[in-house]
Amino acid sequence: MARPIYKPKKVHKKHSGPVWYVAFALAIIWMIITLTPFMFMIFNSFRKQFDMLQQGVFHFPDPWYFKNYVEVISNGFFGYFFRSIIVVAVSLVLMLIIAAFAAYPLSRMNFTLREFLYAGVVAMMSVPMHVTLIPIFKLTTDMGFYDSLKALIGPYVAFALPMAVFVLVAFMKTIPRELEEAAEIDGCGRFKNFFMIILPLSRPGLATLAIYNGVAMWNEFAFANTLLQSPGKKTLSLALGQFKGEHALDIPIILAVLTLSVLPMIVLFIVFQDKLVKGMMAGAVKG
């Protein structure tokens, strides 16, 4: 006689009603708070100079005025844009490579000065960036880098490294050591372990650092204003100040420049948002 097949009952998890509704309501409120400035910027960038006074600032433009964007682009916007892209891309690549090479021994190896070096890296996070403007200005002048894009890459990398090493050390510590031990049995050395195991598994942490530091470098103004002088060498953050000075009374044009300048960072976040969450959660759960 065949034995009856036992089918376990499905357990449906029930969300706590009031708590779920409160969380949903808070999420909606937070979404409205964050989207309001962005929608204000987009809508008003398509208005004429005095339409903001005649129409509501949150109404759809009537008519849509596209000449603001035409004027911004015709005034060399893409030159500033591509120079910022070059500086940020080169700085991020160098910063991530150096930070990964520094974080690997600090997180996976035991040597005499490890704790001392790690404490030094953490201490560097407390150095204010702006107190170094004059020494960096003199250094770049002596090296012949003043008024060139190369002058920005060094400071950007140097000030991003302490936080990057700190985050990657915490992230790499969560990677099981059994993976390295198994690879060593198969004949992998330290370099192969780093490039074939540790580095690929650290991609969420690297993506988090790329987004975080990319936004900071994209918006950086103090070093760019100090180390760049020629109009043909200035980056997008300086262009915003220039447009603001030339069109102080034409708010829609300034908003058009701001809209074009924030689009790359929004695209970067959308592409890497899943890795950003994983990187931020690194070290939160151990085991």
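This is a predicted model: local features need pLDDT of at least 70, side-chain atom pairs count only at pLDDT 80 or more; totals for chains, interfaces and linings use all residues.
Student: What does the pLDDT of the protein chain average?

Tutor: pLDDT is the predictor's confidence in each residue, from 0 to 100. The protein chain averages 82, and 86% of the residues score at least 70. Over residues 283-287, pLDDT stays under 50. Residues are numbered from 1 along each chain as its sequence is written. Local features need pLDDT of at least 70, side-chain atom pairs count only at pLDDT 80 or more, totals for chains, interfaces and linings use all residues, and side-chain values use heavy atoms, with hydrogens and water left out.

Student: Is Arg47 buried or exposed?

Tutor: Buried means under 20% relative accessible area, exposed over 50%, and partly exposed in between (1.4 Å probe, protein chains only). Arg47 counts as buried because its relative accessibility is 0%. Leu258, by contrast, counts as partly exposed, at 30%.

Student: Which residues does Leu258 touch, beyond four places away in sequence?

Tutor: A contact means heavy atoms within 4.5 Å. On that basis Leu258 touches Met41 and Leu240. Leu258 and Met41 are 217 residues apart in sequence, yet 7.8 Å apart in space, C-alpha to C-alpha.

Student: How much space lies in the largest cavity?

Tutor: Rolling a probe the size of a water molecule over the atoms shows where empty space is left. On a 1 Å grid over the protein atoms alone, a cavity is a set of points where a 1.4 Å probe fits but cannot get out; lining residues have an atom within 4 Å of a point. A volume is the space filled by probe spheres set on the points, which are joined across faces, edges and corners. Here the largest cavity holds about 40 Å³. Its lining includes Ser84, Tyr156 and Trp218.

Definitions and conventions:
On a 1 Å grid over the protein atoms alone, a cavity is a set of points where a 1.4 Å probe fits but cannot get out, and a pocket is an open set with protein on both sides within 12 Å along at least five of seven lines; lining residues have an atom within 4 Å of a point.
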